[in-house]
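Me: I am new to this entry and would like to go through it step by step. Could we have it on screen before I start asking?

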Amino acid sequence: MTLSTLLTAGLETALNRYLRLDPDALTCIKTLSGKVIAVEPRGLRLILYFLPGPDGIQLTDVYTGPPDVLIRGAPLALFRQARPGGRTVSGDIEIEGDAQLGKAFQELLAGIDIDWEEHLSRLVGDAAAHQIGKTVGGLRSWGRTAIDTLLQNAGEYLQHEVRDLPPRGAMEAFLDAVDTLRADTDRLEARIRRFPPP
Amino acid sequence: MAKETTHFGYQQVSAADKVHKVAAVFDSVANRYDLMNDLMSFGVHRLWKRFAIDLTGVKQGDRVLDLAGGTGDLTSRLARLVGPQGLALLTDINAAMLNEGRKRLVDEGIVGSVGYVQADAEQLPFADNTFDGITIAFGLRNVTYKDRALRAMHRALKPGGRVVILEFSHPVVSGLQPVYDLYSFTVLPLLGKLVARDAASYRYLAESIRMHPDQDTLKGMLEQAGFERCEYFNMTGGIVAAHRGYKF
């Protein structure tokens with residue numbers, strides 16, 4: 001028995017417990033039944049294969065056939081993409097195969113919305129769950145505002161006052177330009193290949 | 001002519017009697033089988049089974065046979081791996097166990113790529129070269145003529161296919177044997193008595209494990225049946241081993 005058997009077993013259990021907290025997510029998983037989705041975090045020498053089915057997701061790191069889609073990227077970028085409300089910066093993630101399936105899988109993970117208050121109410125009753133939910137929501141909102149303000153102030157200082165970092169708009173325009181240049185180069189390379197050999 | 005005898009745990013019985021006695025054991029424990037497996041192995045049996053499935057190399061579109069599949073632990077995972085174009089066939093000689101397996105898989109929503117056949121592992125009712133993979137988990141120990149069963153598996157497997165046998169074996173870590181013996185002959189029958197209301201069946205389990213061939217002997221039996229590139233992987237100090245062989 002290998003360490004990866006333990007790792008995938010633990011991950012599978014945790015993932016399915018998490019998914020079962022959102023009934024809509026389980027319904028979405030059924031629509032992906034019969035597909036094999038491979039995720040390769042770069043640099044970890046590991047490919048995780050997700051096999052969605054009617055009762056959740058089966059996870060393995062050993063699969064001998066070709067997957068329907070392979071999603072490859074830096075571990076942090078993959079994590080960012082998979083978390084609720086996740087987005088990714090252009091060029092962070094590569095998708096090979098059925099891109100629509102890859103997108104549906106990403107949307108499934110990012111779209112998980114757990115009604116914690118509902119689950120809590122089964123343990124402590126409606127009134128207490130509502131009160132706890134309100135308190136936690138208030139704290140979370142205060143925390144988010146404080147972090148946003150801190151990040152905004154730090155960003156403005158670094159971008160506009162000491163000018164160590166470029167503004168977001170300039171960076172996105174630069175990344176778009178790099179993407180365009182890469183696509184142009186690929187097209188040019190394809191055209192050159194079509195020339196008959198001398 | 002003298003009647004052919006074999007072992008049933010530590011007892012010597014006639015070959016025909018063994019079939020009935022094994023059937024009686026599984027009829028008795030079928031409805032508590034999964035619970036007992038979790039209790040006896042502290043849930044580790046799920047990891048042993050995952051590892052065995054990894055060894056099969058099964059993929060979408062494959063046809064795979066799960067022999068002595070009981071309550072369908074392996075079949076449920078194999079069905080997902082073979083996908084809607086493939087087939088995972090759950091078989092067991094015991095109708096009560098097969099019914100438990102069918103009930104469980106249907107409850108889990110696993111339908112379509114799964115089939116059920118009540119079959120004897122020694123006389124498989126399938127054409128030659130039918131399956132891409134064959135698994136038998138904790139079942140070979142109860143088969144009367146293991147060599148016949150292995151030859152039947154070899155016949156039903158396609159060239160290039162793999163057989164994976166997951167079975168209790170013999171501890172290889174020094175110092176583990178006395179602890180394991182104590183656990184097997186005192187705790188297991190007690191658990192059987194308390195949970196499945198059947199101590200004798202779990203005493204048979206402990207005895208049949210001791211009578212089962214060790215890792216190297218079983219590997220030799222696989223080779224004799226015609227399998228090639230045979231190897232085994234010890235798990236939990238050799239308490240369980242997964243054997244794999246190929247048909248070329």
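Me: Among contacts in chain B between residues at least 6 apart in sequence, what percentage join residues at least 24 apart?
Reply: The figure is 68%. Please bear in mind that this is a predicted model.

Me: How many helices and strands are there in chain B?
Reply: Chain B contains nine helices and nine strands.

Me: What does the radius of gyration of chain B agree with?
Reply: It agrees with a compact globule: for 248 residues such a globule would have a radius of gyration near 18 Å, and chain B has 17 Å. Its C-alpha trace spans about 45 × 45 × 40 Å along the principal axes.

Me: And what share of the residues in chain B is buried?
Reply: Of its 248 residues, 46% are buried.

Me: Which residues have the most contacts inside the largest nonpolar core?
Reply: They are B:Ala52, B:Leu78, B:Ala88, B:Ala121, B:Ile134, B:Leu166 and B:Ala242, in a core of 81 residues. Strand S7 of chain B, residues 157-168, contributes the largest share of this core, namely six residues.

Me: What is B:Ala242 in contact with, leaving aside its neighbours within four places in sequence?
Reply: Its contacts include B:Phe51, B:Ala52 and B:Leu55, as well as B:Val164 and B:Leu166. B:Tyr232, B:Phe233 and B:Met235 are also in contact with B:Ala242.

Me: Changing topic: how many residues of chain B are in contact with chain A?
Reply: There are 18 residues of chain B in contact with 16 residues of chain A. On the chain B side, H3 gives the most, with six residues.

Me: What does A:Phe105 touch, not counting residues up to four places away in sequence?
Reply: A:Phe105 touches A:Leu32 and A:Ile37.

Definitions and conventions
Residues are numbered from 1 along each chain as its sequence is written. Chains are lettered from A and ligands numbered from 1 in the order in which they are written. This is a predicted model: local features need pLDDT of at least 70, side-chain atom pairs count only at pLDDT 80 or more; totals for chains, interfaces and linings use all residues. A nonpolar core is a set of buried Ala, Val, Leu, Ile, Met, Phe, Trp, Tyr and Cys residues joined through C-beta atoms within 7 Å. A residue is buried if 20 or more other C-beta atoms lie within 10 Å of its own, exposed if 12 or fewer, and partly exposed in between; C-beta atoms are placed from the backbone. Helices (H or I, at least four residues) and strands (E, at least two) are DSSP runs, numbered from the N terminus. Two residues are in contact if their C-beta atoms, placed from the backbone, lie within 7 Å. The radius of gyration is taken over C-alpha atoms; the globule rule is 2.2 Å times the number of residues to the power 0.38.
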